[in-house]
Structures are given as C-alpha cells and as structure tokens.
Amino acid sequence: MKKLITNISKIAAILAITAIVVSCNKEQSKTASSTTSTSASTLDVVYVNSDSLLTNYEYFKAVQKTFEEKSKKAQADLQAKGAAFQREVAAYQQNAGSLSADQRASTEERLARKQQELATYNQNAGNALANEEATENEKLYNKVADFLKVHAKEKGYKIVLTYSKSNPAVLYADESLDVTQEVLKGLNAEYNKNKK
C-alpha cells in the first residue's frame, strides 16, 4: 500500500511530462481571429490537483480497496501459517526430551525446511502483490494520461500541469487554472460507463 502511495507521486510527475509532450505534438493552431477572448489564451496552461483527483477518482478508489483487501488476506494467511509453525515448534520443544537423537535431528531438519518455506511463501506473496500493484499503477497512469490527451485537445489546453502537496512541483497557481473537477468528472463518467 505504501508503494501505491509512493507511485502516486510518480504518476503526478509523469502526468506533467505527458501533458507537455501532448502539447508539443499538438498541431499549431491557425492565427487567432481578433474576436478571440483574452481568457482563452490564459487558459492555455491549466493544472490538475493530483491529490484531489486520486482521492475522488472512482477507479483509483476501487483499485485501492482491492489492494487493501488483498493485503489483509495475505497478512491473515501468513499469520495463520506462522501461528501453525509456532505451534509445531512449541510441540517439538515440549516433546524433545522424550525423542531419540535421530528423531530430534529429523524433526529439527523438517522444522528448518518449514521455516524456509514460510519465508519463501512470504516473499513470493509480497512479490506477487508488488507486481500486481505495478500493473495497476500503469493502468491508472494510462487511463488518466489518455483522458487528458483528449480533454486537453477538446478544451484547447496547451499544457496541463499537476499539483500535489506531497510532491509540490508547482508552488503557486491561481485557482482559476484548476481544472481538477472537470477532469475528475470526465474520468469518473468514463470509468462508470466502462464498468457496466
């Protein structure tokens, strides 16, 4: 889960880079007519508050909930296996005096193998969750970036920056440039449409 939150900061930085790349690839618009309003030219650069976006993006909430459930399940499974192993060790320690030297050596060897298997299981479960998390982070990034490419083109934005309190690349931006709510509304509408 900590990795997911850490990756949010990376996603925010990547969003800013993607927006710049998108703006560079966008065809140069023809000379604006004299009736173009001044406010349109000031809205060439806008920003998205990534903290608010991720907190309120339904897809992110669903992914986050899934990972919390999987993490809890993995922890519970590991605790159950660990408790069973500890009971086996305790039983061996109680009965060690009544066992022959060969039986003790055999039991200790078996317990050592079980301990190693438990450690391997823990590492594999952690790696599986990390890999799945990386895949979901990539999907999240792609969904937001793909949406922003289309949205920026429709709105005539040339640059879409990101703002985050946890990773402040932008120290100040006028709130009139904040398009977080319109982006969030579009992302959630797209997510809900595809979820059905």
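1. Start with the charged end of Lys143, which sits over the ring of Tyr59, 4.8 Å from its centre. Here, a charge sits over a ring if NZ of Lys or CZ of Arg is within 6 Å of the ring centre and within 35 degrees of the ring normal. You can find such an arrangement at Lys81 too: it lies over the face of Tyr121, at 4.9 Å from the ring centre.

2. A word on what you are looking at: this is a predicted model, where local features need pLDDT of at least 70 and side-chain atom pairs count only at pLDDT 80 or more, while totals for chains, interfaces and linings use all residues. Residues are numbered from 1 along each chain as its sequence is written, and side-chain values use heavy atoms, leaving out hydrogens and water.

3. Now for the overall plan. The protein chain has 6 helices and 2 strands, in the order α-α-β-α-α-α-β-α from the N terminus. These elements are DSSP runs, numbered from the N terminus: helices are H or I with at least four residues, strands are E with at least two.

4. How do S1 and strand S2 pair? They run in the parallel sense over 5 bridges, with S2 covering residues 159–163; two strands pair if DSSP finds at least two bridges between them. Tyr47 has Leu161 in S2 as its bridge partner. Of the 5 residues of S1, 4 are buried, so this strand is largely enclosed by the rest of the structure. Buried means under 20% relative accessible area, exposed over 50%, and partly exposed in between (1.4 Å probe, protein chains only).

5. Next, the aromatic pairs, which come to 3. The rings of Tyr47 and Tyr163 have centres 6.5 Å apart and planes at 75°, so this pair is edge-to-face. Rings of Phe, Tyr and Trp (its six-membered ring) pair if their centres lie within 6.5 Å; planes under 30 degrees apart count as stacked, over 60 as edge-to-face, and the rest as tilted. Because Tyr47 lies in strand S1 and Tyr163 in strand S2, the pair ties together parts that are 116 residues apart in sequence. Tyr47 is buried at 7% relative accessibility, whereas Tyr163 is partly exposed at 21%.

6. Tyr59 and Tyr191 also pair edge-to-face, at 5.7 Å centre to centre and 65° between the planes. This pair links distant parts of the chain, with Tyr59 in helix H4 and Tyr191 in helix H6, 132 residues apart. Tyr59 is buried at 9% relative accessibility, and Tyr191 is buried at 16%. Ring pairs link these two and Tyr57 into a cluster.

7. Which residues touch the most other members of the largest nonpolar core? They are Tyr57 and Val183, in a core of 21 residues. Such a core is a set of buried Ala, Val, Leu, Ile, Met, Phe, Trp, Tyr and Cys residues joined through side-chain atoms within 4.5 Å. S1, H3, H4, H5 and H6 each supply at least two of its residues, and the largest share, 5 residues, comes from H5. Another core of 6 residues lies apart from it, with Phe85, Tyr92, Ala96 and Leu118 among them.

8. Finally, look around Tyr57: not counting residues up to four places away in sequence, Tyr57 touches residues including Leu140, Lys143, Leu184 and Tyr191. Contact means heavy atoms within 4.5 Å. Among contacts in the protein chain between residues at least 6 apart in sequence, 88% join residues at least 24 apart.
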